[in-house]
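Student: Could you help me learn to read a protein model, one feature at a time?

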Amino acid sequence: MKSAATHLVVMGVAGSGKTTLAEALSARLGWTMAEADEFHPASNIAKMNSGTPLNDEDRWPWLTAIRDWMTKQADAGQCTVLTCSALKQSYRDLLSEADGNVVFLHLNGDPELLGERIQNRTGHFMPPTLLPSQLATLEPLTDEEIATGSLVLDISHTPEQLVEDVLSALHLNVPN
Ligand SMILES: Nc1ncnc2c1ncn2[C@@H]1O[C@H](COP(=O)(O)OP(=O)(O)OP(=O)(O)O)[C@@H](O)[C@H]1O
Ligand SMILES: [Mg+2]
């Protein structure tokens, strides 16, 4: 039987505000939060530490681990909030296999604002080529993904507004 649990996957390029929004949603909803980075196998961590970008073959075991975590949570009756860049539809299709209802929340905005956010961020090293390469890789949510409940969000909104945008679009009624 399909679980009734909901999984909110906050997606978008580096620096788009995934962690900020996921933390706010998790606090507001009381749902379990995880960051996709926590699910990499040791081989991927070693590769990233050596400065080698991951390829899709490296990503499948990682995405599978995230999918299986969502299923485990759903089977225990837990809804979740997850951060994952989920730039390609094939990655999202794999995550969508989890038990429960997987909803993608795409933090979308113009490259200029994304660049400003990244520049203003302190204590967070990011190679200057990362944002352009992620924007080139990004496959926006398809009409079908949107028709089945995923949302495009505007990064120019404040984190508080974004929480309200999500709650009202998904008809999640929670007290303040
Ligand atoms: N809605 C927002 N309005 C203004 N600033 C924001 C907003 N969301 C996040 N920020 C700021 O933008 C920067 C990046 O946010 P955050 O770390 O949440 O992004 P991220 O997508 O998780 O990044 P990464 O891909 O590196 O994990 C931070 O300095 C954060 O405070
Ligand atoms: Mg983050």
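Student: In strand 5, what is the bridge partner of Leu105?

Tutor: Strands are DSSP runs of E with at least two residues, and helices are runs of H or I with at least four, numbered from the N terminus. Two strands pair if DSSP finds at least two bridges between them. Here, Leu105 has Leu151 of strand 5 as its bridge partner. Strand 4 and strand 5 (residues 151–154) run parallel, joined by four bridges. Strand 4 also runs parallel to strand 1, with six bridges, and Val9 is partnered there with Phe104. This is a predicted model: local features need pLDDT of at least 70, side-chain atom pairs count only at pLDDT 80 or more, and totals for chains, interfaces and linings use all residues. Residues are numbered from 1 along each chain as written, while chains are lettered from A and ligands numbered from 1 in the order written.

Student: With which residues is Leu82 in contact?

Tutor: Contact means that C-beta atoms, placed from the backbone, lie within 7 Å. Beyond its neighbours within four places in sequence, Leu82 touches His7, Val9, Val10, Ala22, Ala34, Ala36, Ile66 and Met70.

Student: And what surrounds ligand 1?

Tutor: A residue is near a molecule if its C-beta atom, placed from the backbone, lies within 6 Å of it. Around ligand 1 there are 15 residues, the closest being Ala14, Gly17, Lys18, Thr19 and Thr20. Helix 1 and helix 8 each give two or more residues to this shell, and helix 1 gives the most, three.

Note on methods
Contact = placed C-beta atoms within 7 Å.
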